[in-house]
Amino acid sequence: MISSPPFALEVRGLVKRFERPAVDGLDLAVRTGEFYALLGPNGAGKTTTLRMIAGLMRPDAGSIRIGGIDALADPVKAKRITAWISDEPMIYDKLTPREYLEFVAGLWAVEPALAQQQRADDLLRWLGLSANAGDRCESFSKGMRQKVALAGALVHEPRVIILDEPLTGLDAGSARQVKTVLRERTRAGGTVIMTTHILEVAERMADRIGVIAQGKLVAEGTLAELRLQAGERTDASASLEDTFLALVDAEAQAA
Amino acid sequence: MTARPGTAVWFAHHESRLAWRDWLAMLTAGRRERLWKAAIAVGAFVVVMHAVAYSLLGRFAAAPPDKAMLVAISASLLLSWLLMVSQAMEAMTRAFYSRSDLDLILASPVAAHKLFAVRIATVALAGAAMALPLALPVIDALILRGGIRWLGAYGVVLAMGAAAGALAVALTVALFRVIGPKRTRLIAQIVAAVIGAAFIIGLQVAAISSYGTLSRTDVLQSDAVLALTPDLGSIVWWPARAVLADAVALVGVLTIGLMLLAAAIALVAPRFGEYAVVATAAGGSTVGRARAPTGFLPTSPRRALRSKEWMLLRRDPWLVSQTLMQMLYLVPPAIMLWRSFSSGGGSSLLVPVLVMAAGQLSGGLAWLTISGEDAPDLVTTAPVSPRLVLRAKIEAVLGIIALVFCPLVAALAVAAPWHGLVAGCGIVVTAIAATAIQLWFRTQAKRSQFRRRQVSSRLATFAEAFSSIGWAATAAVAAVNLWLAVVPALIAVLLVAGAWFISPRERAAAR
């Protein structure tokens with residue numbers, strides 16, 4: 001087990017404005033070893049939030065702590081324990097999966113080399129990519145590319161994995177492989193923070209779910225807790241879909 | 001009037017609208033507010049080109065159409081036509097391999113061959129249209145000074161565009177059938193680039209071999225060439241005669257050009273969809289297996305970044321062909337060098353050529369490594385400071401420049417040590433300047449957008465070009481007189497400083 005502080009991620013008063021506020025004073029705390037799903041309608045600010053956490057974008061205000069490290073003051077240290085995967089896998093077409101993993105391991109300065117190699121081979125095997133380990137990625141389908149990106153994200157054994165719609169466009173088999181790998185990571189003490197539009201995935205996999213609307217966290221908790229927060233708009237047997245729509249609708253009306 | 005949907009005219013309207021918007025986007029780098037500035041710049045360019053053409057070429061307008069003139073016109077036409085073929089092959093390859101609206105067209109109930117016929121014709125017309133900005137001032141100047149007999153040149157441009165389009169279609173389809181869809185994309189693009197450069201380089205090589213100079217006109221106007229050319233009545237002179245408004249020749253050239261295009265359309269349009277489907281399915285990539293797996297080597301982030309850049313470049317022959325195409329222009333001066341070993345002179349000519357080539361190559365490579373990052377999220381989220389990432393990428397560029405130019409500079413130093421030293425220093429300075437300019441003007445892009453890099457920042461393109469010219473001029477003067485080189489060096493420094501001052505990086509820092 002990885003020894004870590006109680007919260008893998010703490011976000012306080014996060015603000016990002018483009019033409020209008022995309023993220024508007026967001027507070028978020030994700031426990032170590034937790035699988036946290038962030039849900040929200042299109043344009044709610046989910047991706048912007050995750051991109052700020054991953055260090056791809058600097059917030060206008062607020063603080064971000066990853067594994068107890070101030071990610072805005074010391075981004076390099078925070079990135080060392082973080083991995084980011086987007087819905088559009090960005091990999092190098094002219095590299096093979098194995099070379100891609102070697103490059104990522106080099107970027108994260110993973111030591112020793114033999115352990116990296118073993119880890120890379122294991123990941124490729126778990127994700128069903130062993131047969132294609134020596135093929136260049138340019139001929140890969142989107143599912144295969146997403147799996148290569150996932151393997152790259154895991155090769156340095158991150159403590160916090162941030163995923164933006166990782167299952168978009170994947171077939172059932174690939175989606176299951178990705179979900180299995182992510183579940184393994186949380187069992188090993190890692191933390192997963194993920195946005196998804198597939199509510200069934202959030203319902204089945206997430207320990208806690210956060211609902212974001214208009215740049216703010218409007219509800220958070222387990223499915224049962226979310227039902228309670230939705231109040232009279234849902235009943236005790238309501239699905240996550242009903243609960244989510246009720247919460248978002250309530251926020252829209254309040255705005 | 002609106003054409004009936006599904007007809008060739010309707011498709012032509014659709015294609016011309018797309019082409020027009022694409023051209024506008026290219027001109028304004030996708031920013032509509034730049035439209036007026038772009039229009040003024042184009043207008044100024046046209047006026048300046050007219051003035052230059054009028055002063056330089058006007059004197060030829062009234063010259064009698066003797067063999068020397070026909071040779072000069074024919075050579076110019078051949079050069080322009082080869083460039084048109086090169087452009088048309090590029091465009092045709094893009095049309096084959098771009099998925100864009102292919103699914104929509106093929107899934108619709110319209111006769112797709114009509115659209116593809118229009119698309120092939122558009123490629124041909126676009127080739128002619130692209131030649132016009134350069135041809136227009138020349139033809140207008142000749143009309144102004146020599147009368148309307150030069151008006152036929154416009155018809156010749158149209159015929160050349162049609163013939164170039166036809167040849168491009170034929171070559172691309174032939175490659176497709178002979179070497180298959182996977183390799184055609186790469187080979188066609190390389191062939192296109194080589195065709196574009198071959199004629200001018202060939203002439204220079206001939207000039208050096210025969211006359212010991214880089215001048216192409218010396219060869220074309222030589223007695224040997226004039227004696228080898230056919231009689232004035234030969235059909236070979238039809239294009240040149242058509243330019244001079246020989247009605248029979250003009251009709252003949254136009255008929256041949258348009259018939260070739262019609263034949264290409266008739267043969268290829270019905271199968272265009274089929275070719276395009278196969279091409280897009282093939283992905284246009286050469287699927288390769290890497291070296292046999294070896295153990296991961298212990299490495300640092302900096303070394304990993306450098307190795308990645310070199311590996312990506314090595315594995316993308318298209319990019320290599322694009323970036324190293326400038327090196328083709330070094331062939332003539334290389335022959336010059338070879339000749340200078342025996343004669344003991346002329347090596348000073350090589351100094352600016354090497355420096356200029358190094359500047360251009362550095363600019364291209366710097367764009368690829370600094371702006372052309374296919375996995376920006378990965379690099380940004382890596383626990384590496386942005387400074388270190390940039391440093392590694394700059395090292396990758398300078399490493400390649402050293403690899404390419406060290407042997408050339410060493411050879412030059414053997415022939416003329418002072419010239420070798422000046423060239424070496426010039427290459428280092430121009431490479432650093434070009435890389436710095438790309439650094440200041442960097443924007444996130446995919447490597448596949450390399451061809452459009454000049455559109456994304458015209459300022460960077462001009463700054464890079466002027467910097468290369470400035471350092472080449474400095475090196476040229478320094479090769480002869482070191483002290484006199486201070487003046488062009490100062491100008492070059494001011495150019496680079498100006499680029500830094502107007503760059504987005506500088507403006508962002510100022511805020």
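How many of the 13 residues of α5(A) are buried? In this predicted model, the count is ten, and α5(A) is mostly covered. The buried set comprises M144(A), Q146(A), K147(A), V148(A), A149(A), L150(A), A151(A), G152(A), A153(A) and L154(A). The helix spans residues 142-154 of chain A. From its first C-alpha to its last it reaches 18 Å, close to the 18 Å expected at 1.5 Å a residue.

Chain A as a whole contains nine helices and ten strands. Of its 255 residues, 50% are buried. Contacts in chain A with a separation of 6 or more were also examined. Residues 24 or more positions apart account for 70% of them.

Helix α3(A) is likewise mostly covered, with eleven of its eleven residues buried. Those residues are P97(A), R98(A), E99(A), Y100(A), L101(A), E102(A), F103(A), V104(A), A105(A), G106(A) and L107(A). Just after α3(A), the backbone of A109(A) adopts a positive phi of about 50 degrees.

Contacts link 38 residues of chain A with 32 residues of chain B. On the chain A side, the elements that give two or more residues are α2 (75-80), β6 (82-85), α3 (97-107) and α4 (113-126). The most comes from α3(A), which gives eight residues. By class, this side of chain A holds 18 nonpolar residues, ten polar residues and ten charged residues.

Strand β6(A), which is among the elements on that side, has both of its faces covered. T82(A) and W84(A) are buried on one side. A83(A) and I85(A) are buried on the other. Four bridges connect β6(A) to β7 (residues 160-164) of chain A, and the two strands run parallel. Within this pairing, L163(A) of β7(A) stands opposite I85(A).

Antiparallel pairing is found around β1(A). This strand covers residues 7-17 and pairs with β2 (residues 21-31) of chain A over eight bridges, in the antiparallel sense. A hairpin of three residues joins β1(A) to β2(A). One of the bridges places K16(A) with V23(A) in β2(A). A further partner of β1(A) is β4 (residues 61-66) of chain A. That pair is also antiparallel and has five bridges. Here V15(A) has A61(A) of β4(A) as its bridge partner.

Two loop residues of chain A show positive phi values. E165(A) has a phi near 50 degrees, a positive value in a residue other than glycine. Its position is in the loop between β7 and α6 (172-187) of chain A. E165(A) counts as partly exposed because it has 18 C-beta neighbours inside 10 Å, and burial requires 20 or more. Q214(A) also has a phi near 50 degrees, positive although the residue is not glycine. This residue sits in the loop between β9 (208-213) and β10 (216-221) of chain A. Q214(A) has 20 C-beta neighbours inside 10 Å and therefore counts as buried.

Notes
Residues numbered from 1 in each chain as written. Chains lettered and ligands numbered in written order. Predicted model: local features only at pLDDT ≥ 70, side-chain atom pairs only at ≥ 80, totals over all residues. Contact = placed C-beta atoms within 7 Å. Nonpolar A, V, L, I, M, F, W, Y, C, P; charged D, E, K, R; others polar. Buried ≥ 20, exposed ≤ 12 C-beta atoms within 10 Å, placed from the backbone. Pairing = 2+ DSSP bridges. Expected span 1.5 Å × (residues − 1).
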